[in-house]
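Dear colleague,

Please find the structure below, handed over for your attention.

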Protein chains: 2
Amino acid sequence: MSRNLLLISTSTTHGTGYLEHAAEEVRALLEGKKNLLFIPYARPGGISHSDYTATVREAFAKWDINVTGVHASDDPVKAVHEAEAVFIGGGNTFVLLRNLYANKLVAPLQQRVLKGMPYMGTSAGTNVAGKTIGTTNDMPIVHVKTFDALQLVPFNINPHYQDPVEHSTHMGETRETRIAEFHHHNRQPVVGLREGSMLRVQGDHITLKGPLTARIFLQGEKPMEFAPGDDINFLLEAY
Amino acid sequence: MSRNLLLISTSTTHGTGYLEHAAEEVRALLEGKKNLLFIPYARPGGISHSDYTATVREAFAKWDINVTGVHASDDPVKAVHEAEAVFIGGGNTFVLLRNLYANKLVAPLQQRVLKGMPYMGTSAGTNVAGKTIGTTNDMPIVHVKTFDALQLVPFNINPHYQDPVEHSTHMGETRETRIAEFHHHNRQPVVGLREGSMLRVQGDHITLKGPLTARIFLQGEKPMEFAPGDDINFLLEAY
């Protein structure tokens with residue numbers, strides 16, 4: 001498989017600009033590319049597709065990469081088939097996946113990615129790269145006919161992963177408890193990707209990037225921490 | 001309508017025992033009742049139906065109320081039809097709603113509640129009393145064919161409501177942002193019910209109970225705070 005993916009936990013870390021913390025990896029992913037197809041369907045905060053695309057366009061201008069929003073195309077499927085590279089931005093994962101299905105983009109994205117088209121996602125765009133959206137943190141503000149996602153990798157991702165807050169008086173479930181509940185019903189691995197972390201997938205090789213460790217949850221096992229540089233290729237052998 | 005509901009944000013507040021903070025209201029709701037049908041489908045932390053029911057049974061024993069788990073019945077629909085009162089406990093809202101549909105309990109619960117059978121819920125059990133589960137905080141760990149819930153009230157509830165954390169470096173959406181995104185796609189009011197708060201519904205009258213204010217979100221309007229004792233009957237006129 002000639003996958004070429006960059007799956008980023010969050011577009012913006014505290015105190016840095018849009019995609020700034022991931023700049024080096026973004027440039028490596030898109031090396032030699034002049035045009036990027038942006039999929040703005042997740043609409044963070046309800047922002048319009050055009051406004052969202054404008055923000056992203058500005059961010060990529062400094063890298064001399066031209067950004068087009070898929071919503072501006074009369075034929076989104078054709079736009080995906082002709083794209084040099086695709087970026088799906090963050091927002092609400094349910095809204096995003098619903099729109100990917102409504103616009104019949106799931107299969108075309110899968111086909112192009114398997115043939116090596118570079119794909120990057122942030123937050124919700126990283127969630128939908130996984131097996132299902134079953135480990136999103138987002139509210140289910142719209143219904144989706146299935147939680148099956150793009151399945152560009154055979155595991156699930158939990159972006160914005162948060163460790164339990166010490167001395168918290170809040171009685172809602174911790175992120176770790178929620179993922180343990182997930183594993184009562186699902187068997188695929190879950191990668192808790194902290195803010196500032198990202199996964200780089202090249203073919204059948206996966207590496208953790210960024211300054212932090214990632215927390216990996218396997219069904220029936222204790223959560224494990226992996227550092228950048230550790231071998232985590234077992235994640236690509238999940239089924 | 002002769003509704004008789006108690007919708008509790010959380011079963012346990014920090015530093016108090018199970019249902020302790022809501023004891024007065026629980027006793028008022030169940031006055032004169034000897035038997036309570038418990039629906040353990042939400043399985044917090046993946047606990048078994050039997051273990052969950054045992055915990056609840058112990059809590060109600062001190063009020064001389066006998067608890068039966070609906071899972072122990074060969075005919076759950078009949079169990080609902082014959083129940084003196086029903087309690088749906090917290091856990092995962094998706095797992096809960098999926099099981100309510102799978103066991104064909106949605107319509108029977110609606111029928112009984114409209115005729116005055118007392119209903120209480122905590123957390124996920126409060127979520128499913130609303131119009132949809134679109135404002136749950138839970139992970140979508142199983143798929144549900146629809147997010148339409150029991151609709152015992154015509155609005156949505158967000159239990160464990162949390163105010164934005166000051167000076168947070170976390171870049172995930174605040175609860176308020178998530179609810180604003182919900183209102184880009186849905187028009188029903190949302191009640192942000194903080195831990196320790198509960199809603200008491202008697203016929204067409206609704207009151208906020210507990211020590212805190214509740215944050216109410218109407219589509220297209222600024223969020224509003226209402227205190228216990230304030231008139232919030234407009235919530236029951238939503239459509």
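The model is a predicted one, in which local features need pLDDT of at least 70 and side-chain atom pairs count only at pLDDT 80 or more, while totals for chains, interfaces and linings use all residues. Residues are numbered from 1 along each chain as its sequence is written, chains are lettered from A and ligands numbered from 1 in the order in which they are written, and side-chain values use heavy atoms, with hydrogens and water left out.

A:I141 belongs to the loop between α6 and β6 (156-158) of chain A. Helices (H or I, at least four residues) and strands (E, at least two) are DSSP runs, numbered from the N terminus. Setting aside residues up to four places away in sequence, A:I141 touches A:N92 and A:V95 in its own chain, and B:G134, B:R178, B:E181, B:F182, B:H185 and B:N186 in the other; contact means heavy atoms within 4.5 Å. From A:A54, A:I141 is 87 residues away in sequence and 25 Å away in space, C-alpha to C-alpha.

The interface

The two chains meet through 45 residues of chain B and 45 residues of chain A. Together they bury about 3600 Å², with 60% of it on carbon and sulfur atoms; buried area is the accessible area (1.4 Å probe) that two parts lose on being put together, summed over both. On the chain B side, B:M139, B:I141 and B:M171 lose the most area to chain A, together 19% of what that side buries.

Chain A as a whole

Chain A contains seven helices and eleven strands. Its radius of gyration is 17 Å, close to the 18 Å that the globule rule gives for 239 residues, so chain A is as compact as a globular protein of that length. That radius is taken over C-alpha atoms, and the rule is 2.2 Å times the number of residues to the power 0.38. The C-alpha trace spans about 50 × 35 × 35 Å along its principal axes. Of the 239 residues in chain A, 57% are buried. Where contacts join residues at least 6 apart in sequence, 69% of them link residues at least 24 apart.

Other residues in chain A

A:T126 sits in helix α6 (residues 124-127) and is buried, with a relative accessible area of 0%. Beyond four places in sequence, A:T126 touches A:L7, A:I8, A:G121, A:I157 and A:L193.

A:E225, in strand β11 (residues 224-226), is partly exposed at 34% relative accessible area. Apart from neighbours within four places in sequence, A:E225 is in contact with A:R194, A:T213, A:A214 and A:R215. The C-alpha atoms of A:E225 and A:H184 are separated by 21 Å, and the two residues are 41 apart along the chain.

Positive phi values

A:L19 has a positive phi of about 65° although it is not a glycine. This residue lies in the loop between β1 (4-8) and α1 (23-29) of chain A and is buried, at 0% relative accessibility. In chain B, B:Q151 is likewise not a glycine and has a positive phi, near 55°. B:Q151 lies in the loop between α6 (124-127) and β6 (156-158) of chain B, and counts as partly exposed at 38% relative accessibility.

Yours sincerely

Key. Buried means under 20% relative accessible area, exposed over 50%, partly exposed in between (1.4 Å probe, protein chains only).
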